[in-house]
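Q: I would like to learn how to read some features of a protein model. Can we go through them in turn?

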Amino acid sequence: AEVTVTGEARMGIIDDGGVNGAQFTSRVRVKFVMEGETDGGLAFGAEVRNDQSSGNGGTIDIVDTNDIDGDGNVTEVITTINNGTTGTTNGDSVVYISGAFGKLSMGDVGTAADNIVGNVSGVGLTGLGDYNELGYLGNDKTAAKYEYTSGAFTGALSVGQQYDGVDATVSIAVKYAAETFSVALGYEDADGDDQLTLGADATFGAVTAKVRVADQDSAADTRAAVSIDYVAGATTFTAFYADHGTDDGFGIGAAYDLGGGASVKGGIVDTDLGDTAFDLGVAMTF
Amino acid sequence: AEVTVTGEARMGIIDDGGVNGAQFTSRVRVKFVMEGETDGGLAFGAEVRNDQSSGNGGTIDIVDTNDIDGDGNVTEVITTINNGTTGTTNGDSVVYISGAFGKLSMGDVGTAADNIVGNVSGVGLTGLGDYNELGYLGNDKTAAKYEYTSGAFTGALSVGQQYDGVDATVSIAVKYAAETFSVALGYEDADGDDQLTLGADATFGAVTAKVRVADQDSAADTRAAVSIDYVAGATTFTAFYADHGTDDGFGIGAAYDLGGGASVKGGIVDTDLGDTAFDLGVAMTF
Amino acid sequence: AEVTVTGEARMGIIDDGGVNGAQFTSRVRVKFVMEGETDGGLAFGAEVRNDQSSGNGGTIDIVDTNDIDGDGNVTEVITTINNGTTGTTNGDSVVYISGAFGKLSMGDVGTAADNIVGNVSGVGLTGLGDYNELGYLGNDKTAAKYEYTSGAFTGALSVGQQYDGVDATVSIAVKYAAETFSVALGYEDADGDDQLTLGADATFGAVTAKVRVADQDSAADTRAAVSIDYVAGATTFTAFYADHGTDDGFGIGAAYDLGGGASVKGGIVDTDLGDTAFDLGVAMTF
């Protein structure tokens, strides 16, 4: 049982299409990867980031120092907020155990559909708002996810955190992955809504095409996205088009591998939602 | 001088006796253990967790964006909260130096009584509210603790953070630990209250019995707790009974060692305070 | 590409000159140092601390549970606060890439003047308010900094985060460093203010003298500081005097190297701003 420390970082320029124009952007993340094995051969482990929400479920008292309720009491606690991660609301942390029975994970796990079907390729250093993603219903944390793989087939089932009087999001998804193509189907049933998401990827030599279609019960229009990745030596070119129903847009980008864990990445995203966004910079893994 | 990264994690089901019934629970912690030695042979070191309260004593302004005081100003700072750990209020971090003179620690150190006398055994994956603990008066951080061990005797003295006009909690405790039994006595003197806590542990083959008695000046009744741990191969069974004066309860639990740092743990706690609580899951150390 | 985990800690006594008199002080920090090299020979890396502001730009809702606006709604969100570090406002994290062209850094980087000219020596375990520092105009994060060194000359240029309608702080600085002395000049141009800072260091055997002069446009008086470090075996004695224009003060201190990464440090600082401050304790690096 051991802990491995890994990291990722990025630095560059971003114009997110907002009022500020081009800005500097940088980020550093540390990820702790824990792995062990029981005497009986079960693998177990956990992952967490150093930017996990802090604390252990402690609270912060918000004190009305400006006496905004006019009662003359300036040391009055008006409310208390959670500061951190309790045992039942985890952020950015996952614990798992796996063996011949499959893999059971808990913590900040997305729905089975989100994990198995996923999204078409995005562009840029930062993702530029991740407009390539059609969106999943998601679930409350701590959630639980079970996965089982047999040959080319993978199945997954997830259940969100349980609260009295609320139907947790339940999701089921299956995937068939051959050497050059894969198809996947995911279903999420949330409290008062549901969504069916279909995905397919195919690789033709240097080109990989991806398509995702999402049919959400509460949405008037079906959403759809398609992406193309083209690998030319150390450079990967990516383009996507996404139709979110009420708005649509596209993105183009490129990543050039510098070796040693560093790459230059840039992208442009143009949607109905705002001005054209772009970014350019260096991404690093450690 | 080096830093070792260790971790612990857990995942499972908990019903804490509250309104939500059974819920998922998971937690991941990283602990950094720092150790060094001076040229003169003094050991020094520090420990901190990655879920330490964040920041360096900075503050967050709470802005009344909803104009709840009706003055039309929606960018008004109504109060400011502390966000993090200053040099004088540490959470989850301890620094020490030790040698022939004993060991001096500072930071998030409990009282001498809490450290030396401790508690009877608890049960479950999560501790289930730690009802086995009778409670100590505790102290403000940054606190200081001094320990000295000579043969079977250990003595400790602690002092809480000093503030003008407040008497910090001072605590003294002693312990005698032989091969199969130990007795310990701790005293805490806080501002306007004090507590004497007595503890004894004894091991008879596979069975360990523990008892703690706490006599707090401000409490009408003496509190007491007893626990039994029974080791049968890879399984440890635990039961406790605790009388908190105004309420009492008991807990039973078991832990099965899977090897490699993983174990299955579960427990049931039933007290006067609420519905029966239980948990079950896998605990891991890395 | 790899991540190295380093640490530093300190413990001791501090009287900051405030109302509480002498208090305990301790601190533990973990720093992650990431380093890599591209196939083309460019060095890249990042640094971040475990006490970095938490989260990824998430927010916390402040809920008016005490109904201070008297509308009977106790689950009303009165405001939302930022909890963490977004891609454009980094704390305590820096990313860089360097090569024959120089070194480009982004993140929580100070101005070129602050980096290149710096400050005279401070005293004590904790810095005791860092009165030795004359202050720089600083910049908003995420900032960018470029440095280039050629022989004894180092030049640097920094630009603060860009916001629409605000002139970011731009800074330029140069330094000439010979074996026993160095001179440096830094200029910062902020929105509506500017500052010129001059520095010089000289070493005569066991003695190092430093002087800094700061001329800020918006300040009536020029600020100045001078320090002397004297090394006698394992002990370094330090004294400084600083004139902040409206107030002045001095500090004296000593550090004794215990070896293995530990040292005893203490200092006294007396200024016009408050009572005499002092601290004493052990500092550790891991």
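This is a predicted model: local features need pLDDT of at least 70, side-chain atom pairs count only at pLDDT 80 or more; totals for chains, interfaces and linings use all residues.

Q: What percentage of the residues of chain A count as buried?
A: Buried means under 20% relative accessible area, exposed means over 50%, and partly exposed lies in between (1.4 Å probe, protein chains only). Chain A has 286 residues, and 46% of them count as buried.

Q: How many helices and strands does chain A have?
A: Helices (H or I, at least four residues) and strands (E, at least two) are DSSP runs, numbered from the N terminus. In chain A they come to 1 helix and 18 strands.

Q: Where is I172(A), and which residues does it touch?
A: I172(A) sits in strand β10, residues 170-177 of chain A. A contact means heavy atoms within 4.5 Å. Leaving out residues up to four places away in sequence, I172(A) touches A112(A), A156(A), L157(A), L185(A), G186(A) and Y187(A). With a relative accessibility of 48%, I172(A) counts as partly exposed.

Q: What should I look for in the backbone?
A: Most residues other than glycine have a negative phi, and most peptide bonds are trans. D130(A) is not a glycine, yet its phi is positive, about 55°. D130(A) belongs to the loop between α1 (112-116) and β8 (143-150) of chain A.

Q: Is D130(A) buried, exposed or partly exposed?
A: D130(A) has a relative accessible area of 35%, so it is partly exposed.

Q: What is the phi of L128(C), and where is this residue found?
A: L128(C) has a positive phi of about 50°, although it is not a glycine. L128(C) is in the loop between α1 and β8 of chain C. Its relative accessibility is 10%, so L128(C) counts as buried.

Q: Which residues does a cis peptide bond join in chain B?
A: The cis bond joins K141(B) and T142(B), with omega about 0°. T142(B) lies in the loop between α1 (112-117) and β8 (143-150) of chain B. In chain C, the peptide bond from K141(C) to T142(C) is cis, with omega near 0°.

Methods: Residues are numbered from 1 along each chain as its sequence is written. Chains are lettered from A and ligands numbered from 1 in the order in which they are written. Side-chain values use heavy atoms; hydrogens and water are left out.
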